[in-house]
Amino acid sequence: MKKIAVIGVGYVGLVTGTCLSELGNEVIGVDIDKSKIKALNKGIMPIYEQGLEELVRENVKQKRLCFTTDVAQAIKNSEIVFIAVGTPPLADGSVNLEYVKSAAESIGNNMNGYKVIINKSTVPIGTGDSVKRIVSELYKGDFDVVSNPEFLREGTAVYDFMNPDRIVIGSSSIKAEKVLCELYSSLSTDMVITDIKTAEMIKYASNALLATEISFINSVANICEKLGADVTKVAEGMRLDKRIGKKAFLDAGPGYGGSCFPKDVKGLIQIAHESGTRFNILEAVEDTNTAQKQSLLPKIQQVLGNDLHEKNITIWGLAFKPHTDDMREAPSLTVIKQLSDRDVKIRVFDPIAMEQAKKILGETVVYENDLMKSVKDADCLVIMTEWPEFKSIDLKQIKSLMKKKNIVDSRNIYNPKEMKDMGFEYTSVGR
Ligand code: NAD
């Protein structure tokens with residue numbers, strides 16, 4: 001059992017802290033956002049993540065998990081300190097490290113003995129050294145800084161933390177490495193033990209490759225559309241190549257979004273630039289993604305005509321992926337902006353993300369609480385997130401409710417032939 005402080009209780013910090021308490025450790029989650037901590041102390045979750053609320057409640061009850069804004073107390077009471085603060089992009093795409101640096105200063109100011117400082121935030125190569133420098137300017141005793149990037153996927157974050165594909169530990173200290181190996185000893189998985197800079201790079205390179213796969217298959221999809229091939233079958237055929245792999249990110253769609261891929265692609269382009277090299281592939285990945293996010297409007301115009309003024313369009317799915325309410329960089333936002341610029345009457349439905357969406361979209365759209373009613377009298381239904389309930393919906397009833405039988409599906413969730421046979425004008429991606 002270790003005493004742990006987690007600085008930053010966002011997606012990563014809250015999931016990490018909660019799961020570590022579930023593994024039997026004593027965890028203090030600390031954040032500068034007073035309202036977040038106040039809500040957490042009342043049992044209100046700042047994010048939606050499957051299974052998280054129950055786990056938080058149980059571990060708070062068992063007194064293994066608590067939340068505070070008192071960073072000094074959290075650090076002083078802990079032998080392990082995680083940094084899990086945000087690393088958002090700056091205007092030029094480079095990584096804003098102000099939160100990491102301020103967390104490092106808080107740690108330096110409150111050191112009272114040997115601690116292992118673990119960086120879980122996604123940070124440019126060399127940031128571990130900067131954290132070490134900041135802490136050592138403020139504290140003259142012994143400590144270690146370790147890089148331990150996080151690979152959880154939003155929507156399945158708790159499961160991913162408990163069942164990781166691998167654990168990466170970047171360290172220059174055998175003592176710290178041992179602490180981390182002990183901490184994760186109950187999670188049976190492959191461990192990659194390396195130096196700090198390599199660990200930092202593994203995280204960027206992994207996200208950059210996944211984003212590349214998405215832009216790659218979207219480019220293939222666009223050719224398939226022009227030439228009459230089916231991208232879903234192309235992906236199926238590709239995945240059976242063991243070098244590509246069954247789980248390769250080859251689902252054509254509206255482009256990647258979320259809090260990680262867009263920012264990490266930009267970040268690595270900038271890191272390459274600052275190192276005196278150029279990551280041409282990633283620059284193309286980013287351009288392809290921007291174009292893909294904008295590729296639905298022409299498809300909608302194809303069925304409704306160029307003038308969309310006063311048309312009724314319903315959007316299903318707002319979050320960037322199912323099972324999360326994270327709206328950061330969601331492709332739905334691009335489509336909604338394009339449609340609202342054209343005076344479309346937009347109605348939206350998302351099972352989880354509507355409260356988060358309201359903070360961004362305000363009154364530009366009408367929020368529908370009933371999936372079925374949301375399509376009543378619609379000229380077109382646009383599907384932006386592949387929520388399971390959309391796949392299993394009664395399409396006959398949908399058809400009877402819609403004014404015009406147009407569906408633009410950016411996630412390829414229905415069978416084109418069946419949709420045609422049912423009388424829909426159905427447009428999807430790369431089929
Ligand atoms: P987030 O924005 O959800 O949360 C960050 C939290 O840190 C916020 O609550 C903020 O108030 C807090 N914070 C900022 N400065 C602080 C300080 N000095 N002291 C205490 N708290 C502070 O961010 P996130 O999505 O959890 O991402 C955190 C890091 O993890 C990023 O580097 C991200 O790239 C990486 N990451 C995220 C994911 C993901 O799916 N979200 C997955 C893997 C890695």
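**Stop one: the domains**

Start with domain 2 and domain 3, whose centres, taken over C-alpha atoms, are 24 Å apart. To colour them, select 203–292 for domain 2 and 294–427 for domain 3, with 3–194 as domain 1; these bounds come from an automatic or database domain assignment. Keep in mind that this is a predicted model, where local features need pLDDT of at least 70, side-chain atom pairs count only at pLDDT 80 or more, and totals for chains, interfaces and linings use all residues. Residues are numbered from 1 along each chain as its sequence is written, and side-chain values use heavy atoms, with hydrogens and water left out.

**Stop two: where domains 2 and 3 meet**

Domain 2 puts 15 residues into the contact and domain 3 puts in 14 (contact means heavy atoms within 4.5 Å). About 1000 Å² is buried between them, 50% of it from carbon and sulfur atoms; buried area is the accessible area (1.4 Å probe) that two parts lose on being put together, summed over both. Now select Pro254, Gly258 and Ser259: they supply 41% of the area domain 2 buries against domain 3, more than any other three residues.

How many salt bridges are there between domain 2 and domain 3? The count is one (a side-chain nitrogen of Lys or Arg within 4 Å of a carboxyl oxygen of Asp or Glu).
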